[in-house]
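User: Could you walk me through this structure, one question at a time?

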Amino acid sequence: TILPAEIELAIDLVPRLDKADRKADADELFAKIFDANEAVCRDFSASALHHNNAAWLAAKCSRRLDEALAHAKQAVELLPKNAAYIDTLAEVYFQRGQRDEAIAQMKRCLEIMPDDKYFREQLERFQK
């Protein structure tokens, strides 16, 4: 109630609800939080952070990936050298089954931050 657009709750619980065969509950929780994030994106359309949050939420919950792609692209367009936002774009591509695009985006992350362990692990994960 206090933070209706807080994404970590859904990122943590939606996959668990899916695994517990409670898809309807998972879908309801995801939709409520994703819709709140989309409302924030409409109100603050120039906020890369909010677009990234909506995209990350959708990617980590494997839902509404077309909308996630639009949000991730918008975040990267607003802040093209932000490796975290490029990572989100890569994750969205990966969740959509667009492996080559995901790999290309992770390589961009590593160009920006060549020593980042997380980005290297992501690239390896996408290449497998």
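User: Does the length of helix α4 agree or disagree with what its residue count predicts, and what is its end-to-end distance?

Analyst: This is a predicted model, in which local features need pLDDT of at least 70, side-chain atom pairs count only at pLDDT 80 or more, and totals for chains, interfaces and linings use all residues. Residues are numbered from 1 along each chain as its sequence is written, and side-chain values use heavy atoms, leaving out hydrogens and water. Helices are DSSP runs (H or I, at least four residues), numbered from the N terminus, and the expected span is 1.5 Å times one less than the number of residues. The 14 residues of α4 (residues 65–78) should therefore span 20 Å, which agrees with the distance between its end C-alpha atoms, 20 Å.

User: How many disulfides does the structure hold?

Analyst: A disulfide is a pair of cysteine sulfur atoms within 2.5 Å. The sulfur of C61 is too far for a bond, because the closest cysteine sulfur, in C41, is 15 Å away. C109 is in no disulfide either, with the sulfur of C41 as its nearest at 19 Å. The number of disulfides is 0.

Key
Helices (H or I, at least four residues) and strands (E, at least two) are DSSP runs, numbered from the N terminus.
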